[in-house]
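I opened the model to look up a few residues and the packing around them. My notes follow in the order I made them.

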Amino acid sequence: MAKQRYGWQSAPREDSDRQFLKLVASRVRLWRVIQVATLVLALSASVSSMNAGQPGPAASTVSLNAAGKQAAYAAVDDWLANDPLNTAGQIVSWDGAHRVSLSDGRGEVSGMRHTLTVHSADGRWWTVEQTIADGHPVGDPSVRLVAVQSDSSTAVEWGHVLADAQASRALTDMAQQWAAAYYGSDAARLKTVMADPDPDAVYQPLMLDGETSVNVGRVAYLDRGKVDRQEKTSDTAVTRVDVTLTPTGGMKAPSQYSYDLLVSDPDGTPRVLAWGAPGTGPDLKEHANRWHADPLVKPDVQENTSDGSSAGDGKTDAGQ
């Protein structure tokens, strides 16, 4: 019987071993609570840092719709007219532009450095860069030779390739249609062949009229687009094509050109997405060859007659 004091019954004293066990148990429970709380806080901080600090996709430094594209094209075309490569050269593609800072003596100004691909009559390929500021060329173009293997149709190594594909009849027909339109003078025809989803898209043909024949070389599925990794196929492919242009009239010898074509749906109804120099196929951007102005028109060649009229139009120089 516990002793009574002041009307309260005093609690019996526990032995020291029991008190020690209770103290240990309480401290263990407290430590577990602290561990759980620490883990929750750590997970919360980790999720927050992933959501807030995770960098988004890097912005591309290359613009495919850059201001000054036409000025760069015209400047390089004029430069080629002076035969700087010691052989005739032809622009075959505009490959984008990136912004650069320039100094005009009074401060920094912004410009765009445009990259174009040029093919010369001796079979070589060149990368030409021209800087444009305020719609005008800055300095002369810079040029570097592009290394292309001699057997360009088959012996070429592409990156980002899943497996080789077969050149279907539809793909061969598409390449032939593209070459005929690209080397011709009808911009509407080239736009139709490209089947660009943008109704306002414009594509500029080379205006090198003649008969074209095409040989389709290697075709490979690219690791981009809709990919089936088990079958190693894709809805996007690259192909090497060799184009032979025989000028009309038979006055000049045929010329040969090679391209990489980026194509969609290679096993179904293929269409050309972009074109560029050999070796560039896997890195081509869709619709990168768009022309951002009215298409150039090949001027009519008219001979003046002795009476001052122009042959074929029945009008005099005065427009009567």
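I started in the loop between β9 (227–228) and β10 (233–234), where I found Lys 232. The model is a predicted one. Lys 232 has a positive phi of about 60° although it is not a glycine. I noted this because most residues other than glycine have a negative phi.

I then went to Met 207, which sits in the loop between α4 and β8. Met 207, not a glycine either, has a positive phi of about 60°.

Beyond four places in sequence, Tyr 182 is in contact with Met 207, and its other contacts include Leu 190, Pro 205, Tyr 259 and Trp 275.

Next I looked up the largest nonpolar core, which has 32 residues. Trp 178, Tyr 182, Tyr 259, Leu 261 and Trp 275 touch the most other members. Two or more residues come from each of α3 (169–183), α4 (187–194), β8 (210–222), β11 (236–247), β12 (255–264) and β13. The most come from α3, which gives 8 residues. Apart from this core I found another, of 15 residues, among them Tyr 73, Leu 80, Leu 85 and Leu 116.

Last, I looked at Arg 290, in the segment after β13 (271–276). Arg 290 has 21% relative accessibility and therefore counts as partly exposed. Setting aside residues up to four places away in sequence, I found Arg 290 touching Lys 69, Asp 196, Asp 198, Ala 201, Val 202 and Tyr 203. Arg 290 and Ala 201 are 89 residues apart along the chain, with 6.4 Å between their C-alpha atoms.

Notes. Residues numbered from 1 in each chain as written. Predicted model: local features only at pLDDT ≥ 70, side-chain atom pairs only at ≥ 80, totals over all residues. Heavy atoms only, no water. Helix = DSSP H or I, 4+ residues; strand = E, 2+ residues; numbered from the N terminus. Buried < 20%, exposed > 50% of the residue type's maximum accessible area, 1.4 Å probe, protein only. Contact = heavy atoms within 4.5 Å. Core = buried A, V, L, I, M, F, W, Y, C linked by side-chain atoms within 4.5 Å.
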